[in-house]
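Subject: Structure handover and notes

Hello,

Here is the structure for you to look over. Please open it alongside this message.

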Amino acid sequence: MEVDERYMQMALELARRGKGTVSPNPMVGAVLVNRGEITGTGFHQEPGSPHAEVIALENAGDEAREGTLYINLEPCSHYGRTPPCVDAIIKAGVKKVVIAMEDPNPRVAGTGKAKLRQAGIQVVTGVLEDKALQLNEVFVKYITTGRPFVIVKTAMTLDGKISTRTGDSRWITGEASREVVHKIRHEVDGIVVGIGTVLKDDPALTTRLEGGKDATRIVIDAWGRLPRDSRIINPSSTADLIWVVGEDIFLEEEEKKDLSGKGVKVLKLPSKNGEICLASLLEALAQREISSLLVEGGGTLNYGFLKENLVDKVYMFIAPLLCGGKEAVTPFEGKGIAWISQAWKVKKAGLEYYGDDLLFTGYPGREM
């Protein structure tokens, strides 16, 4: 591995430490090298906190002058929650900056590296760019489209069933897989289910990891059927519950006040035949700085996102069980397609084992 790639790999590993805490910001890591020695490192930890390159510069002190800064994302050149990082880099006297990928944020998009070059700093770009893009796939989608990155997670038997004909689904996968699911919940901003899942399973949708955070819970409920004693209404959680109802649902002011006191936010959106407009939902969630959304619903909700081409990634846990039954539920229900040529092709597939279960990941899309 070349020197630049070796240090950039370190920057990427540092950046990954911010997963689950930096949203809606990107994950960024920085490594400062001078005369072949690492003099400073840093990673972005949460919105409003110092950026990775600023922390690395502070760690290096005077050793930053004439050094080389490795960073997985182009330094910012605008005022946001913090001042522009390029100004700090220039002031520190850094000689060279190596960048993995350009910032897709239209407010930056090349202006950071341009300002560095104008100051006489050598800039190298594209080092481990593919890895950098994959690391910040959520941020790229969110900042360029104004919608969250949508992940569908499902657990199914070997013959493709997510529950039996009676609706029983506990537990299809083993403990190792369920622990991974809680890690995913910690890393995303929001988790969405349909009212059918709430009525059938009464899930809490909390994160049961030591030091983990709860994501914002979202219930899609066009007709406003959410039971007020549901476990998903959890005042002790630090995360809100967004109750998505149709525009014509009426709530008394006293009821809205009571729900608000329990951390429930009511969101009214357009609906048709009892189905909420999912595109409108994603835009509304993005306005609330929810950059990633985990779909943990049943086959109907999963297919609702899929048919609208709103699914960015799938996590499909497959257990070595056979269920059978044409009435047993599959991961994607709905009407389905008529021809194989219309199917979504899942690309960049990955396979991992957790206990006896297999986790399949990939990115579904259609050839246009």
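Predicted model: local features only at pLDDT ≥ 70, side-chain atom pairs only at ≥ 80, totals over all residues.

Residues are numbered from 1 along each chain as its sequence is written, and side-chain values use heavy atoms, with hydrogens and water left out.

Nonpolar cores

The largest nonpolar core holds 39 residues. The term covers buried Ala, Val, Leu, Ile, Met, Phe, Trp, Tyr and Cys residues joined through side-chain atoms within 4.5 Å. Buried means under 20% relative accessible area, exposed over 50%, and partly exposed in between (1.4 Å probe, protein chains only). Within this core, M8, I89, V94 and V97 touch the most other members. At least two residues each come from helix 1, strand 1, helix 2 (52-60), strand 3 (68-73), helix 3 (85-92), strand 4 (96-101) and helix 5 (129-135). Helices (H or I, at least four residues) and strands (E, at least two) are DSSP runs, numbered from the N terminus. The top contributor is helix 1, with six residues.

V97 is worth a look. Neighbours within four places in sequence aside, V97 is in contact (heavy atoms within 4.5 Å) with L69, I71, I89, L116, I121, Q122, V123 and V124. There is also a second, separate core of 31 residues. Among its members are V150, M156, I162 and I290.

Cysteines

C76 is buried, at 8% relative accessible area. C277 is partly exposed, at 30%.

Backbone

Two cis peptide bonds deserve a check. One runs from S23 to P24, with omega near 10°. P24 is in the loop between helix 1 (3-16) and strand 1 (29-34). Another runs from R170 to W171, with omega near -15°. W171 is in the loop between strand 6 (149-157) and helix 7 (175-187).

Positive phi values turn up too. D202, which is not a glycine, has phi near 50°. D202 belongs to the loop between helix 8 and strand 8 and is partly exposed, with a relative accessible area of 27%. E289 is not a glycine either, yet has a positive phi of about 60°. E289 is partly exposed, at 37% relative accessibility. In helix 10 itself, L278, L281, L282, A284, L285 and A286 are buried.

A loop residue

Is T207 buried or exposed? T207 is buried, because its relative accessible area is 9%. T207 sits in the loop between helix 8 (195-201) and strand 8 (216-220). Leaving aside neighbours within four places in sequence, T207 is in contact with H182, R185, H186, G212, K213 and D214.

Best wishes
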